[in-house]
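Please look through the sequence and the model shown below before reading on.

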Amino acid sequence: MINQTPYGETIYALSSGGLPSGIAVVRLSGPHTRSVVEQIAGSVPPPRQAKLVRFQNREGGVIDTGLCIFFPGPASFTGEDCAEFHLHGGRAVVRAMLELISSFRGTRAAEAGAFTQRSFLNGKMDLTAAEALADLIDAETEAQRLFAIANNSDAHRQLYSGWRRILLEARALLEAELDFSDEGDVPGSVSDRVWTDLAKLLSAIRTHASGYHRAEIVREGLSIVILGAPNSGKSSLLNALAKRDVAIVTDEAGTTRDLLEISLDIAGMKVNLVDTAGIRERAAKVEAIGIERALKRAGEADLILYLQDATNPKSVPLPDMAPILRVGTKADLLANPHHEKWDRLVSTVNGSGLVELLEEIEKLCRPLQESTGEILPFRSRHIEELRTAAECLEAAVESISMDLELRAEDLRRAADALGRICGDIGTEEVLGEIFSSFCIGK
């Protein structure tokens with residue numbers, strides 16, 4: 001890990017969000033922070049203590065009165081000298097402060113994720129913690145918040161570092177056997193002591209990687225696709241669950257021709273609900289494209305709500321990949337609203353059955369909520385490196401007839417893949433992609 005950032009510039013940014021606001025926080029980090037604070041605030045406050053000051057420009061004019069906090073490095077978020085100016089959140093006030101800071105030599109406006117990137121480069125956090133921090137900022141539901149908090153611990157580093165240590169130790173034993181096989185005081189083959197443990201490690205890595213889809217659902221949301229024939233009540237159900245008019249509802253068949261997606265918070269889980277074109281044969285060209293997109297999206301769904309007009313049910317072809325919940329609609333028009341043909345009967349007119357339908361969706365969410373405390377790979381980058389590690393480890397374990405030199409090389413490649421997850425080695429090519437996802441000022 002790099003102990004000091006290679007930057008000689010001091011970065012600054014508005015870190016508190018949109019304006020106007022009651023309070024605006026302007027953040028600085030870098031070697032010129034102390035000098036900038038002295039010239040704007042008159043003096044540097046005691047470390048980590050808020051001091052009420054008058055912020056003044058170069059001519060001595062007052063910009064605003066507010067709080068100034070100084071965080072000397074390395075005991076700061078970035079590991080460098082940092083400071084915060086707490087101002088009133090007016091656009092003119094903040095603009096004047098940012099223009100003043102930019103006038104000092106060695107300062108520049110921060111890019112997205114620049115503060116967090118410096119924190120990583122100065123060894124204040126690893127890559128998985130940085131990614132979890134980005135998820136915490138983006139969290140919309142309670143499950144996403146809890147998952148991001150759990151991932152922001154050092155649990156991932158401990159897990160992957162432990163696995164990497166096993167691989168490095170195994171490789172060292174193999175290389176010792178190669179280097180000293182002719183020595184009389186070297187015991188017999190160490191391979192038998194190595195491969196059994198590595199086979200167990202391979203199984204553990206594969207099991208861990210298999211949890212990625214659960215993590216993906218928590219982070220991105222559960223995907224539920226509404227399918228059915230035209231006029232089966234798909235758009236009406238979407239509006240009812242959203243509690244607002246999202247989709248156009250008419251008696252005319254084929255009104256919905258493209259995917260219409262909304263996000264809901266159901267029992268603390270993000271749920272992406274997708275309305276689709278009604279499925280039927282002999283559709284017009286544009287409608288046929290919509291039907292094709294509907295079936296493709298349904299094939300990627302975590303749950304399909306298969307809707308049928310209970311007064312005139314029509315069957316449509318369904319993908320066989322996702323669980324299907326059969327829902328009869330327009331229950332208010334049935335003389336006997338109890339029918340075993342469907343898992344649930346609903347009416348968007350009088351609201352009957354909607355609570356029970358939501359309860360069914362909540363049952364699907366509960367096991368996923370329990371995943372928020374597990375150590376799971378939660379980015380596609382993680383799963384790619386885990387698969388690389390598993391492939392290299394499998395090649396080493398199962399290639400019995402291969403020379404030990406080649407098998408040891410496979411172990412090195414597997415260890416390197418695990419090291420890249422937390423940023424211990426070879427991180428340069430992924431830094432831009434990771435930190436560009438942050439907001440300005442973080």
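## Overall build

Of the 442 residues of the chain, 47% count as buried, where buried means under 20% relative accessible area, exposed means over 50% and partly exposed lies in between, as found with a 1.4 Å probe on protein chains only. This is a predicted model, in which local features need a pLDDT of at least 70 and side-chain atom pairs count only at pLDDT 80 or more, while totals for chains, interfaces and linings use all residues. Residues are numbered from 1 along each chain as its sequence is written, and side-chain values use heavy atoms, with hydrogens and water left out.

The chain holds 14 helices and 12 strands, which are DSSP runs numbered from the N terminus, with helices being H or I runs of at least four residues and strands being E runs of at least two. The radius of gyration of the chain is 29 Å, well over the 22 Å that the globule rule gives for 442 residues, so the chain is more spread out than a compact globule; this radius is taken over C-alpha atoms, and the rule is 2.2 Å times the number of residues to the power 0.38. Along the principal axes, the C-alpha atoms fill a box of roughly 85 × 80 × 40 Å. Among the contacts in the chain with a separation of 6 or more, 62% are between residues 24 or more positions apart, a contact being heavy atoms within 4.5 Å.

## Confidence

The mean pLDDT of the chain is 88, and 90% of its residues reach 70 or more; pLDDT is the predictor's confidence in each residue, on a scale from 0 to 100. Over residues 1-5 the pLDDT is below 50, and this stretch has 17 contacts in the model beyond near neighbours in sequence. Over residues 184-188 the pLDDT is likewise below 50, and that stretch has one contact beyond near neighbours in sequence. Where pLDDT is low, the predicted coordinates should not be read in detail.

Strand β3 (residues 51-56) and strand β4 (residues 62-71) run antiparallel and are joined by six bridges, and two strands are said to pair if DSSP finds at least two bridges between them. Within this pairing, Val53 has Gly66 of β4 as its bridge partner. The two strands β3 and β4 form a hairpin with five residues between them, and Gly60 in the turn has a positive phi of about 90°.

Strand β4 also pairs with β5 in the antiparallel sense, over five bridges, and here Phe70 has Ala83 of β5 as its bridge partner. A further antiparallel pairing links β2 and β5 over eight bridges, with Ala24 standing opposite Leu87 in β5. Seven of the eight residues of β5 are buried, so this strand is largely enclosed by the rest of the structure.

## The six-stranded sheet

An open sheet of six strands has the order β8-β9-β7-β10-β11-β12, with mixed pairing. At its edges stand β8 (260-266) and β12 (344-345), each with a single partner strand, so one side of each is left without a neighbour in the sheet. Strand β7 (residues 222-228) and strand β10 (residues 303-309) run parallel and are joined by five bridges, and Val225 stands opposite Ile304 in β10.

## Helix α2

At 1.5 Å a residue, the 12 residues of helix α2 (residues 91-102) should span 16 Å, and its end C-alpha atoms are 16 Å apart, which agrees; the expected span is 1.5 Å times one less than the number of residues. The buried residues of α2 are Val94, Met97, Leu100 and Ile101. They cover an arc of only 125° around the axis, which puts them on the same side of α2, the arc being that of the directions from the helix axis to the C-beta atoms.

## Backbone details in the loops

Most residues other than glycine have a negative phi, and most peptide bonds are trans. A cis peptide bond joins Leu19 and Pro20, with omega about -5°, and Pro20 lies in the loop between β1 (10-14) and β2 (21-29). The peptide bond from Gly73 to Pro74 is also cis, with omega near 5°, and Pro74 lies in the loop between β4 and β5 (82-89).

Arg48, in the loop between α1 (33-41) and β3, has a positive phi of about 60° although it is not a glycine, and Arg48 is partly exposed, with a relative accessible area of 46%. Asn231, found in the loop between β7 and α9 (234-242), has a positive phi near 65°, and Asn231 is partly exposed, with a relative accessible area of 34%.
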